[in-house]
Each structure stands twice: as structure tokens, then as C-alpha cells.
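Here are my notes on this entry, in numbered points. Please read them with the coordinates open.

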Amino acid sequence: MANRIPRVAVREQDPARRATNFEEVCYGYNAEEAKLEASRCLTCPKPRCVNACPVHVNIPAFIKAVAEDDLERAAAAIGADSTLPSVCGRVCPQESQCEGSCVLGIKGEPVAIGKLERYVGDWAIEHRDELPTPEIVKNGKRVAIIGSGPAGLACASDLAKLGYEVKIFEALHKVGGVLVYGIPEFRLPKERIVAKEVEAVKNLGVEIETDVIVGRTMTVDDLLDKEGFDAVFVGSGAGLPRFMGIEGENLNGVFSANEFLTRANLMKAYDDEYDTPIYSGHKVVVVGGGNVAMDAVRTAKRLGAEAVIVYRRSEKELPARVEEVHHAKEEGIIFHLLNNPTRILGDEKGWVNGIECIEMELGEPDESGRRSPVEKPGSEHVIDADVVIMALGTSPNPLIKSTTEGLETNRRGCIVADEDGRTSRKGVFAGGDAVTGAATVILAMGAGRKAAKAIDEYCKSL
């Protein structure tokens, strides 16, 4: 019986060794392991995993193809719905999406859908030249995409296949958005994976221009009125960091996780060949409990620091993926849970030398259903630190809103759009973190794909 085969473990780098390098943690499946794991799938007639996937990949079809060693068919099955399988296979929260709905998980271990998707995606990258390319018939319409992150790439890919002339405008010097500046190399290799996935989008005829800050270099109105684009998709992400507003946040040695990770990832501060200024410190405290906090604290560890997480709730409430928390613990990351910073301490020269925290206990559930942390009076204490990194979430940069008249945003600065990406401005669509605030790669991709469909409908009506 398929469900009696235990889940095939994925090979990983030894924790002690990997905590000192930026090489990928997981090695992924080989052909034999992938086929064995794929044979566990029950090929359900009403697959719950597909409904739980934000882009509705035909999971049983691609897994069946893997089990039958037909990787071209597997790649085609995934490619019908997903633009970035090698990326999603690595960074998607499968445990709360597809794998979280797998029927095998009710009494045992779900099928390793993410690891199988990664296996197929990586195979497709290696064999891209041999795979059939879609026939594209140009329709004479032009669409501008702002941002080359997962939402922008997914939207661009779908529109290009429909015959649109698509141009992506990227503010940074590298293409990929959060995939290149936010997610560390040890979780997502940039040249081997991200650059190759971007190349596949370019091969569809999508043009990409970097170092263009829409709102400064040009505006949304310029794109529509002067550049002659029929529609614009805003997928500019959420790059504006949040801080706590506590005493000492302006001291030297206090960073946002965004800045710290951008220096490490995009500017290759982890590589001795690059002279990127980054102050990694000896004792680093990262405030937060999400995936970005795990990325920052594990990066600090690899840069040679003693690295600590401070989070105001318990481990059960940590929003980060279970796998990331597990990897962090294996690598020697120290967790100070049920602790909340009250102020950051500095020396006479204005440099961080500690962070004062207060112990918390969990009270009644808040609006999100998570139990609210309550301070324990008199439990203040100091944790030594020479660097403090705030990983408290992000919101969209207000630049596009402030330079686009009539574009409605909400109180968090997110662009208001319906579920198909239509905004308050005719011809302007939006999706991903620019609409939702910081979320997952796959949700951003799903938003990009929905918007592409709505843009197609809109352009046909012109």
C-alpha cells in the first residue's frame, strides 16, 4: 500500500558545517528518492491539496508523472499553473497549504509535495533547451509591470503567453524582487535558481529594465499616457520596514531586517570577494518570530555572530515555518521566547550595547485568534547585544501612491484592489505584497496570475 511507505527524508547539510557557510541547506531528492516519495500519493479523485494551493497546481498529475519517471510531463503539469516551481518548492509554506491538506497527513506524514515540486523544477531548469516552448501570437497590446518579484514575474509570464508585449520595470539592479534581496542564499540560490527562472520569463519575450524607480524616474501616468502602455500592473512589494517606536531605535547598530538582508543577499556581503559594508556584530538580537526573523538570525550566525531571537509569544505561536525554526535550532540559534523589548541601550558613543526586555505571559486570544501577550511586572532584564535587527513586518513604499492620483490605499498604505487586481484607477491593476502587505511568494504569484486574466479582459474591451 502506498500509504505504508514512510515519507522519504530529504538530505541536508550537517548543521555545524552549514552554520558557517551560505551553501543551500537542503540537497533535495535524487531520482530514486523522488520516485519512491511520489509513489506514496493516493491520486485522490477529489484532491484537497489542489484546492489548498493558491495557484491550484494539478498536484496529483505532476506527482503521478514523477512516479512514472516522465519528468517532461511533470514539468508541463506544474508549468500550466506555476511560473516558479524551483522557487516555490523551496520557500512555500507547504505545511499550511498543499501538504497541510494531504489526506495521508491525517494519520501519518503527508506526501512531500514541496520537495517533489523542487525536484521537477530543478530538472526543468537543467533541460530547458530540450523542452517545448509555447507558440505565441502577438496581439499588439502593451502592458507595463512595476516590480520583478513573484507577482510581477507571474503576471508578465501569463500575459506574454497570451501575446502581449510586456515590459517589467525594476527599481533595483538585480531582477527577482524579494527572491533576490530578501531570501538568503542558503534557502534560495540566486544564480543557480532565481536567475534561471527569470531567464525563462525573458525567453517568453518579456523585456526587463532595471534601476527604474516608478514614482521617481517615471510615474504610472507616464507609462499610460506617454509610453503608450494599455495597462499597468503594480507588483512593487512591501519594502518599507516597521519599527517598535521604543527608546534607542536610532542608535548605531540597529537595523531593519530588510536592510540587513538586502546587504547580505543582493550585495553579497557574505562573499569575501565583495567589499559590501555590513556590520554583523558579535552578539546579534533579532526581534520577531516570522520567516524574515529566521532568515536574519541565521544570516547573522553565518556571518560569525552569536545570534538570538526575541519573540513576545511562545514557540506554538511563532509565525515562521516549522522547518525554518527547526533548522535555526539545529544551527545553534538561541530563542528568548515570551520576551518583549522595552528599550535599546547604548554606550556613550551612540552604539548599541544591550536590549532591555520584559517577560510576557499569554492572556486571552486577540482578533487573529492568537493569545495576546501580557507583561509580567518587575521582570525587566537586559540581553547583551551590539546589533539589534527589527523583523516586525513591512508595508508598501508610499512612493507609487503619492505619485498616482486617484489610486486608493488603505490605512496600512496597501493599494486597494479587488480579488482580480483591479484598482480604483482605470487600467491600473495591482497584486502581491503591495496589496496584502508582506505575505508568501505563492500568494503573490497567485495574485499576479489573477491580475493577468483581468488585464486580458480589460485590454480586449478597449
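1. Four helices each supply at least two residues to the lining of the second largest pocket: α5 (71-79), α7 (113-126), α8 (150-161) and α10 (190-202). The largest share comes from α5, with 5 residues. Bear in mind that this is a predicted model.

2. The second largest pocket holds about 740 Å³ of space. Its lining counts 26 residues, and those closest to the centre are Arg-128, Leu-131, Pro-132, Pro-134 and Lys-161. Sorted by class, the lining has 14 nonpolar, 7 polar and 5 charged residues.

3. Next, the cores. The largest nonpolar core has 82 residues. Ile-59, Phe-62 and Val-66 have the most contacts inside this core. Helix α17 (residues 441-460) gives the most to it, with 10 residues. Another core, of 23 residues, lies apart from it; among its members are Ala-257, Val-284, Ala-293 and Val-325.

4. Which residues is Val-66 in contact with, leaving aside neighbours within four places in sequence? They are Ala-34, Lys-35, Ala-38, Leu-71, Ala-74, Leu-116, Tyr-119 and Val-120.

5. Arg-18 deserves a look. This residue lies in helix α1 (residues 15-18). Is Arg-18 buried or exposed? Its relative accessibility is 0%, so Arg-18 counts as buried, the cut-off being under 20%.

6. Two polar partners of the Arg-18 side chain can be named. One is the backbone oxygen of Gln-13, reached at 2.9 Å. The other is the side chain of Glu-331, joined to that of Arg-18 by a polar contact of 2.6 Å. Not counting residues up to four places away in sequence, Arg-18 touches Glu-12, Gln-13, Val-25, Arg-302, His-327, Glu-330 and Glu-331.

7. Met-390 is found in strand β14 (residues 387-390). Met-390 has a relative accessible area of 2% and is therefore buried. Residues up to four places away aside, Met-390 touches Arg-242, Phe-243, Met-244, Ile-246, Glu-249, Phe-255, Ser-256, Ala-257, Val-287 and Ile-344. Of these, Ala-257 is also listed in the core of 23 residues.

8. One distance for orientation. Met-390 and Tyr-181 are 209 residues apart along the chain. Their C-alpha atoms are separated by 16 Å.

Methods:
Residues are numbered from 1 along each chain as its sequence is written. This is a predicted model: local features need pLDDT of at least 70, side-chain atom pairs count only at pLDDT 80 or more; totals for chains, interfaces and linings use all residues. Side-chain values use heavy atoms; hydrogens and water are left out. A nonpolar core is a set of buried Ala, Val, Leu, Ile, Met, Phe, Trp, Tyr and Cys residues joined through side-chain atoms within 4.5 Å. Buried means under 20% relative accessible area, exposed over 50%, partly exposed in between (1.4 Å probe, protein chains only). Contact means heavy atoms within 4.5 Å. On a 1 Å grid over the protein atoms alone, a cavity is a set of points where a 1.4 Å probe fits but cannot get out, and a pocket is an open set with protein on both sides within 12 Å along at least five of seven lines; lining residues have an atom within 4 Å of a point. Grid points are joined across faces, edges and corners, and a volume is the space filled by probe spheres set on the points. Ala, Val, Leu, Ile, Met, Phe, Trp, Tyr, Cys and Pro count as nonpolar, Asp, Glu, Lys and Arg as charged, and the others, Gly among them, as polar. A polar contact is a pair of N or O atoms within 3.5 Å; within protein, one must be able to donate a hydrogen and the other to accept it, and residues adjacent in sequence count only if both atoms are side-chain atoms.
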